[in-house]
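Trainee: I would like to go through this model one question at a time. Please put it up first.

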Amino acid sequence: MPTVPKATRDLVKSRAKHRCEYCRIPEAEFVAAVGFQVEHVTPRKILRARGLQLFDPKYLAFSCPRCNSFKGTQTHGTDPQSRLQCPLYDPRSQRWHHEFLPMPSGHILGKTPVGRTTKDALKLNTLADVLLNRARLHACQKWP
Ligand SMILES: [Zn+2]
């Protein structure tokens with residue numbers, strides 16, 4: 001599988017201000033064996049089928065490995081409120097603060113069907129995440 005060219009990766013990372021574009025955690029605070037990744041918002045398979053450029057930055061997002069792993073090749077999920085199919089959050093065409101509401105508790109709420117669906121699909125409110133987000137809010141305001 002071809003990899004993202006370094007210049008493109010640097011651009012995507014810089015554009016995201018070195019944060020996961022889904023859960024908004026800073027790359028510098030993420031400690032894991034696997035680093036942050038450049039993620040295809042639109043899965044490679046769909047880009048190929050449409051004859052689109054795989055590494056065009058407009059199809060890419062900067063993601064922590066956890067969000068990327070939960071998202072996988074999904075483009076849609078189920079809105080937990082309406083139970084209807086709904087697209088996942090697209091960092092290239094939507095604004096995080098329009099779709100999500102960060103709570104003082106450290107939880108991320110979905111403000112819209114897209115936000116609710118993405119929050120559930122990417123499991124944005126695991127206990128560890130909530131506790132770390134709360135600590136970030138109270139310590140340094142580096143989140144979201
Ligand atoms: Zn993330």
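Trainee: In which sense do strand β1 and β2 pair, and over how many bridges?

Mentor: A word on the source first: this is a predicted model, in which local features need pLDDT of at least 70, side-chain atom pairs count only at pLDDT 80 or more, and totals for chains, interfaces and linings use all residues. Residues are numbered from 1 along each chain as its sequence is written. Strands (E, at least two residues) and helices (H or I, at least four) are DSSP runs numbered from the N terminus, and two strands pair if DSSP finds at least two bridges between them. Strand β1, residues 37-40, and β2 pair in the antiparallel sense, over four bridges.

Trainee: Which residue in β2 is the bridge partner of E39?

Mentor: The pairing of β1 with β2 is antiparallel. Within β2, E39 has as its bridge partner A61.

Trainee: Which residues of strand β2 are buried on each side?

Mentor: A residue is buried if 20 or more other C-beta atoms lie within 10 Å of its own, exposed if 12 or fewer, and partly exposed in between, with C-beta atoms placed from the backbone. Strand β2 covers residues 60-63, and both of its faces are covered.

Trainee: Which residues is C20 in contact with, leaving aside its neighbours within four places in sequence?

Mentor: Two residues are in contact if their C-beta atoms, placed from the backbone, lie within 7 Å. C20 is among the residues with the most contacts inside the largest nonpolar core. With neighbours within four places left aside, its contacts are I25, F36, F62, S63, C64 and C67.

Trainee: Is V12 buried or exposed?

Mentor: V12 lies in helix α1. Apart from neighbours within four places in sequence, V12 is in contact with V38, P57, L60, A61 and F62. There are 22 other C-beta atoms within 10 Å of V12, so it is buried.

Trainee: Why is helix α5 largely enclosed by the rest of the structure?

Mentor: Helix α5 spans residues 113-121, and its buried residues are V114, G115, R116, T117, T118, K119 and A121. Those residues pack against α3 (65-71), β3 (76-78), β4 (85-87), α4 (96-99), β5 (100-102) and β6 (108-110).

Trainee: What is the phi of K123?

Mentor: K123 is found in the loop between α5 and α6 (127-139). K123 is partly exposed, with 13 other C-beta atoms within 10 Å. Its phi is positive, in a residue other than glycine, and is near 50°.

Trainee: Is R83 buried or exposed?

Mentor: R83 is found in the loop between β3 and β4. Its phi, near 65°, is a positive value in a residue other than glycine. R83 has 8 C-beta neighbours inside 10 Å, so it counts as exposed.

Trainee: What separates the C-alpha atoms of T3 and L54?

Mentor: T3 lies in the segment before α1, and T3 is exposed, with 9 other C-beta atoms within 10 Å. T3 and L54 are 51 residues apart along the chain, and their C-alpha atoms are separated by 9.7 Å.

Trainee: What is the radius of gyration of the protein chain?

Mentor: The chain has six helices and six strands, in the order α-β-α-β-α-β-β-α-β-β-α-α from the N terminus on. The globule rule, 2.2 Å times the number of residues to the power 0.38, is compared with a radius of gyration taken over C-alpha atoms. For 144 residues the rule gives 15 Å, and the chain is close to that, so it is as compact as a globular protein of that length; its radius of gyration is 15 Å.

Definitions and conventions: A nonpolar core is a set of buried Ala, Val, Leu, Ile, Met, Phe, Trp, Tyr and Cys residues joined through C-beta atoms within 7 Å.
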